[in-house]
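Here's a quick briefing to read with the model open.

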Amino acid sequence: MKRPGPLLTLLAGLLLGLLTLTLDATAGTRNASSSDQEKPASPTPTSSTAAPAPAPSPPPSSPSSPSSPSSSKIADASYAGRTDDDSSSVAVSVRDGRAIAYFCDGRSKESWLKGPVRPDGSMRLTGSHGAALDGTLRDGSRIRGTVDLDGGHYAFTAPKAVKGSGLYRAAATVRGAKVEGGWIVLADGRQVGIVDREGTPSSAPRIDPETGAVTVDGQPLTATPALP
């Protein structure tokens with residue numbers, strides 16, 4: 001009996017090779033499946049684009065408020081002039097929103113008045129015995145108004161005072177008597193004033209507008225600009 005040696009060896013090799021190919025194919029399929037499972041899914045693009053958020057609206061601007069009266073400033077200055085009937089003089093000194101005024105006829109009638117100046121330049125100043133001055137500062141160059149005193153009504157215009165002109169005042173005790181004097185110096189150099197000696201008024205002597213020096217009843221005094 002013959003041995004099938006070479007033929008069996010050949011068949012065994014073919015079977016082994018076939019088995020090896022089958023195992024390699026199976027391993028490749030598993031590896032491909034694992035690779036597909038581990039790969040992250042790509043995000044699905046959306047068909048519409050999200051609209052940007054609207055920009056915040058700016059806060060409504062508040063309307064500008066008008067200037068308050070305290071924010072307005074009336075310039076400091078002095079004013080001196082005559083009444084329309086040319087019988088008397090009027091001077092007004094304005095400082096820090098307040099005013100002091102002097103009405104004087106140069107003989108016996110006088111009055112000191114004071115009060116606030118409104119932001120629009122108008123003023124109502126009051127004095128003793130019901131005296132009142134109503135005036136308005138116009139263009140910063142003059143004051144136009146009226147003075148009511150002892151039953152009289154006097155309209156006046158007082159231009160802005162130049163150097164040396166304006167309103168002056170002095171007070172002292174002379175020979176045991178209390179003396180008070182008021183002077184209005186006009187731009188043309190004229191002076192109108194009254195000196196009151198304990199309730200008795202009379203015309204005042206001239207003062208030196210440069211220094212304020214004046215002599216009353218033989219005693220030298222110094223008149224200074226009257227301020228509110």
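What follows is a short tour by topic.

This is a predicted model, so local features need pLDDT of at least 70, side-chain atom pairs count only at pLDDT 80 or more, and totals for chains, interfaces and linings use all residues. Residues are numbered from 1 along each chain as its sequence is written, and side-chain values use heavy atoms, with hydrogens and water left out.

**Glycine 106**
- Glycine 106 is buried, with a relative accessible area of 16% (buried is under 20%, exposed over 50%, partly exposed in between, with a 1.4 Å probe and protein chains only).
- Leaving aside residues up to four places away in sequence, glycine 106 touches Val192, Gly193, Ile194 and Ser203 (contact means heavy atoms within 4.5 Å).
- From glycine 106 to serine 87 is 19 residues in sequence and 9.1 Å in space, C-alpha to C-alpha.

**Salt bridges**
- The count comes to 8 salt bridges (a side-chain nitrogen of Lys or Arg within 4 Å of a carboxyl oxygen of Asp or Glu).
- Arginine 82 pairs with aspartate 86, with the closest N and O atoms 2.9 Å apart; arginine 82 is buried at 18%, while aspartate 86 is partly exposed at 46%.
- Arginine 107 and aspartate 105 form a salt bridge at 3.6 Å, N to O; here arginine 107 is exposed at 51% and aspartate 105 is buried at 12%.
- Arginine 142 bridges to aspartate 139, the closest N and O atoms being 4.0 Å apart; arginine 142 is partly exposed at 30%, and aspartate 139 is exposed at 74%.
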